[in-house]
Amino acid sequence: MNHSAALPTLDAILEIYASPFNDLIYEAQQVHRLHFDPNAIQCSTLLSIKTGGCPEDCGYCSQSVHHQTALQAEPLMDLEQVRAAAREAKANGAQRLCMGAAWRSPHDRDIEKVAAMIGVVKEYGLESCVTLGMLKPGQAERLQHAGLDYYNHNLDTSPEFYGEVIHTRSYQDRLDTLEAVRDAGIRICSGGILGMGESRRDRARMLQVLAQLPQAPESIPINALVPIPGTPLEAAEPIDGFEFVRTVAVARILFPKAYVRLSAGREAMSDELQALAFLAGANSIFLGDRLLTTGNASTGHDQALFNRLGLHRSAD
């Protein structure tokens, strides 16, 4: 959103949400066309560089040591594994490689290893993004010096609902990490997860908090919960498809210049629902049949969908 304008009130955001569906989509598409090619989709690939064994207790996550899931923990990848993944991502048409590590907060020695991985990603002409948990002073600067383009750190939900999902770190911890990343000159990727039992008010509040940051995130992932057996949210009721698209549209209206990404949960979405989300202003996806630990639509299926809709991968 335009940060020179007045910040939106929660009631104002909820009023946008409650617009007749056709009006909401029309407004979001108008905003989208002012800032983006309406038929271009930014494509990223997500790579888990360190899987499982996380001390956090996020209720949606298979990687937590607090949950009894079928996930097998794996140590930090070596550089050659990252190089192979970067090569494959480039060959598949991705513009950005996002690397995720299941840490609460990385040690400085971990940061040095990730810095080397960022260098490998840059060798292939890809943008780099990492999600490593909370950062200590100086760590964001080290990543920036390595050439990091984006840091992902999702708010997940509203401050009010957050404690229903996560108990091992506070909402303020997340905001502090976003501040450290921004102060280091790294672009921010931050969004949330829909379908965890939150209300529309919670979804609106999450977007309001993002809008209140000193500078709006450049990338906003909108995830639909993928319920994983063994996690506290394994039986969560799926988010209504139209409500999901409404959230995409509201995000587009509030953040005209940000990439709004269809992230987790896309594998379970019909082509028609994805098309509606693109119409509502989503213009970024993850390529590949895996995200960090959950399934994703195949690259071939995505290309077929792009062909049917007349979409193309964005050049930048």
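Visitor: Leaving aside neighbours within four places in sequence, which residues is C129 in contact with?
Guide: This is a predicted model: local features need pLDDT of at least 70, side-chain atom pairs count only at pLDDT 80 or more, and totals for chains, interfaces and linings use all residues. Residues are numbered from 1 along each chain as its sequence is written, and side-chain values use heavy atoms, without hydrogens or water. Contact means heavy atoms within 4.5 Å. With those neighbours set aside, C129 touches R96, L97, C98, M99, L148, Y150, Y151 and N152.

Visitor: In which strand does C129 lie?
Guide: Helices (H or I, at least four residues) and strands (E, at least two) are DSSP runs, numbered from the N terminus. The run of residues 127-131 holds C129, and that run is strand β3.

Visitor: Is C129 buried or exposed?
Guide: Buried means under 20% relative accessible area, exposed over 50%, and partly exposed in between, using a 1.4 Å probe and protein chains only. C129 has 2% relative accessibility, so it counts as buried.

Visitor: Which residues does the UniProt annotation "binding site" cover?
Guide: The annotation comes from an unreviewed UniProt entry. UniProt positions are given in the numbering used here, feature names are shortened, and annotations may be inferred rather than shown by experiment. The record lists C98, C129, C189 and R261.

Visitor: What is the largest C-alpha distance among those annotated residues?
Guide: They spread over 164 residues of sequence. Yet they cluster in space, with a largest C-alpha distance of 13.9 Å.

Visitor: Which annotated "binding site" residue is C189 in contact with, leaving aside neighbours within four places in sequence?
Guide: C189 lies in strand β5, residues 187-189. At 2% relative accessibility, C189 is buried. Its contacts include Y150, Y151, N152 and S219. Also among them is a residue that the record lists, R261.

Visitor: How many residues of strand β1 are buried?
Guide: Strand β1 covers residues 40-50. It is largely enclosed by the rest of the structure, because the buried count is 11 of 11.

Visitor: How many bridges join β1 to strand β2?
Guide: Two strands pair if DSSP finds at least two bridges between them. β1 runs parallel to β10 (residues 312-313), with two bridges, and parallel to β9 (residues 284-287), with four. In β9, C43 has I285 as its bridge partner. With β2 (residues 96-101), β1 pairs in the parallel sense, and the bridges number six.

Visitor: Which residue's backbone oxygen does the side chain of R182 reach?
Guide: R182 lies in helix α7, residues 171-183. R182 is buried, at 17% relative accessible area. Beyond four places in sequence, its contacts include R187, I188 and Q215. At 3.0 Å, the side chain reaches the backbone oxygen of A216.

Visitor: What percentage of the residues in the protein count as buried?
Guide: The protein has 11 helices and 10 strands. Among contacts between residues at least 6 apart in sequence, 75% join residues at least 24 apart. Of the 316 residues, the buried share is 59%.

Conventions. Polar contact = N/O pair within 3.5 Å; in protein donor to acceptor, adjacent residues only side chain to side chain.
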